[in-house]
Amino acid sequence: MGYNGPKLLYNNKPFIKLLIKPGGGFKKVTYIDAIDGDTAYFLIDGKKEKVRFLVIDTPELRPVMMPYSLSAKDYTNYILSNAKEVYLQTDENGDLFDDTPSERLLAWVWADGELLNYNLVELGYATVKYISSDNLMYLKELYKAEEIASQNDIRIHEGNEG
């Protein structure tokens, strides 16, 4: 199965505007480690940052390990560890940080030209969730990926009606 997701289209927008707003631009980063399937550490401008992948949710590892949680983490780690280039992209129609106490940076994650957020959903490792705006850049594509995974009863969608 080939990649069916959004295409990587670089722009000259800032990654972050005024240090507090997402700019919709790209930042080349170095991957450090996956926390779980939808959160990882990256080196951004020489600083270790915890990044939450925009609008997706993978099964939790803690406090109780859910089915496919370790597989989702392993997939994320495999893709990012083996990528030649990793870019983060903020979404100017969304939030820059999540509302958890650790205020994780929110981003679209691109690995070798493919949107990891999309692949996690299409492969049944994640669902579309935590939508702050209907105008998020790749939201429609992620909904299509979720429909494909659900129709094919892939991983977290096994046995779901619909």
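Select Y118 to begin: with a relative accessibility of 3%, Y118 counts as buried (under 20% relative accessible area; exposed is over 50% and partly exposed lies in between, with a 1.4 Å probe and protein chains only).

The model is predicted, so local features need pLDDT of at least 70 and side-chain atom pairs count only at pLDDT 80 or more, while totals for chains, interfaces and linings use all residues. Residues are numbered from 1 along each chain as its sequence is written, and side-chain values use heavy atoms, with hydrogens and water left out.

Next, the aromatic pairs. Rings of Phe, Tyr and Trp (its six-membered ring) pair if their centres lie within 6.5 Å; planes under 30 degrees apart are stacked, over 60 edge-to-face, and the rest tilted. The count by this rule is 8 aromatic pairs. Y3 lies in the segment before β1 (16-17) and Y118 in helix α2 (residues 116-122), 115 residues apart. Helices (H or I, at least four residues) and strands (E, at least two) are DSSP runs numbered from the N terminus.

Now select W108 and Y138, an edge-to-face pair at 5.0 Å centre to centre and 85° between the planes. W108 is in strand β8 (residues 105-111), and Y138 is in the loop between β10 (127-128) and α3 (139-151), 30 residues apart. W108 is buried at 0% relative accessible area, and Y138 is buried at 9%.

Then select Y10, F26 and Y87, which form one aromatic cluster.

Finish at Y41: the charged end of K48 sits over the Y41 ring, 4.4 Å from its centre (the rule asks for NZ of Lys or CZ of Arg within 6 Å of the ring centre and within 35 degrees of the ring normal).
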